[in-house]
Number of protein chains: 2
Amino acid sequence: MGAETSDAPRAWRIVLEHVETQLLEGALRPGDRLPGERALSAELGVGRSSVREALRVLEVLGLIRTSAGSGPTSGAIIIATPGGGMSALMRLQVAASGFPVADIVRTRLILESSVAGDLAEATAPAGAAPDLAPAELLLDAMDSPGLTPTEFLALDAAFHLALAEASGNQVITATMAGLRSGIEGYALEGVAAIADWHATSARLRGEHRGIVEAIQRADAATARTRTHDHISGYYAETFVDTPTA
Amino acid sequence: MGAETSDAPRAWRIVLEHVETQLLEGALRPGDRLPGERALSAELGVGRSSVREALRVLEVLGLIRTSAGSGPTSGAIIIATPGGGMSALMRLQVAASGFPVADIVRTRLILESSVAGDLAEATAPAGAAPDLAPAELLLDAMDSPGLTPTEFLALDAAFHLALAEASGNQVITATMAGLRSGIEGYALEGVAAIADWHATSARLRGEHRGIVEAIQRADAATARTRTHDHISGYYAETFVDTPTA
DNA sequence: CATGCTACTGTGGTCAGACCACAGGCACGC
DNA sequence: GCGTGCCTGTGGTCTGACCACAGTAGCATG
């Protein structure tokens, strides 16, 4: 059977909307399994290839996880891991010149400063402090001598992400993961532009400690400015044209 | 030919990475046409269905636009419209409970307050003011009596987006478009929870004017707090549990 | 009766081939 | 010179086939 004769929205979109509807109705929840591709195909009256195109989209967007074989863990399972989809989106948009790197950095500045400030404010009432342990573990790991710049940057990224996670805001966490992915390539290139990596990494480590310290001291204003300066300082060192806003 | 025997990453991913590489190398730029599906299939040694799965992903992510027929506008053309992909991602993640609505609202709060403040700061040096005309046109449109709540909310969303666009940050613009899409359904439901829509819409209109006024007065602090209060106030009215942070 | 192995079944992954609708370009006829 | 219709190439879709994989049920064996 060829293309639909009448109005016919694209077949794969039918599948996508069907899944979205099921999700909204609560008929499908994280952890549930989708019907098999062949079943979905028959149920919706579209070809299996169209079903697969829709599933591929859902997979890239971090909505489902697919695995072959049989048993309860096989098939397409609803998950909700926004980080992956966000990363793919940002990476490709940067590659396609849709997202200027400077805009990504500016957005990081806004988001991360805010996260640090909120974390500090949440620390105010003693006892209700957010959990910074994961972030501090990463700081310790970054102190280990002999790290290559690449390894260091990976830990650096993980540290910033750990702060976002500590804030408990999943949207911000996923967005930051995506932003970071989008400029990962540039960050690695930027290392080459740094004259004295040893000095720079030492400074970065110190700044990280300073941010955590300000948060734990419940000093929101300092946490914000230190975060801001930390990020803009790094990009000022690696890029010629860096946003200062 | 069936599934690959050896390690073989999934075929569609090969296509995706191929396009991404071409993009990064500059071999493919916005406006360019991708090779036809059949050509790509032959070139990369994968089936056409696999090529299509990859193209579908790129399409949903806002990287390409496809159209049938012949001529220079047919085929898959590189575009970079991040808004669409971001919207799809957010909408589906909310549907799948990956993104709590409260987190989206909190993120809006951060982003939009910051945008308003930056806009005000950019206004400081006379003459270099950002272009708020599109936003003001929307405000005028919102003054028209007889708007249904749905129409009003659409204009409201467009107004907030216009501010983001005025800031010139494409990442923030796209992200805000996505955030908005993610909670669109909730916003519409929320209207029902409002006792006096007439009074509420009048208040919203006034708050919008106030934000623009503060920006034009280059009063960043006021622009920030007014934006913050505007957003959190609206959600406080429509939701029971609204973030106040 | 307990245990280990094997064949089966259902799942996604992939490919090949076919047909359709659509839109531009070209050649022919007027 | 101009208009009309065919031709070709494009995405869009479907069908049918096969493969690799993993769990499971059933059989054979101790």
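A word on exposure before you click: buried means under 20% relative accessible area, exposed means over 50%, and partly exposed is in between (1.4 Å probe, protein chains only). This is a predicted model, where local features need pLDDT of at least 70, side-chain atom pairs count only at pLDDT 80 or more, and totals for chains, interfaces and linings use all residues. Residues are numbered from 1 along each chain as its sequence is written, chains are lettered from A and ligands numbered from 1 in the order in which they are written, and side-chain values use heavy atoms, with hydrogens and water left out.

Start with A:Arg52, partly exposed at 26% relative accessibility. A:Glu37 is buried, at 19%.

Next, select A:Asp143 and A:Arg205, a salt bridge at 3.6 Å, N to O. A:Asp143 is partly exposed at 36%.

Hop to chain B for B:Arg203 and B:Glu207, whose closest N and O atoms are 2.9 Å apart in another salt bridge. B:Arg203 is partly exposed at 31%, and B:Glu207 is too, at 23%. Then pick out A:Arg10, A:Glu53, B:Glu37, B:Arg48, B:Arg52, B:Arg56 and B:Glu59: salt bridges that share partners join them into one network. Over all chains, the salt-bridge count is 38.

Last stop: A:Tyr234 and A:Tyr235, both buried.

How values were computed
A salt bridge is a side-chain nitrogen of Lys or Arg within 4 Å of a carboxyl oxygen of Asp or Glu.
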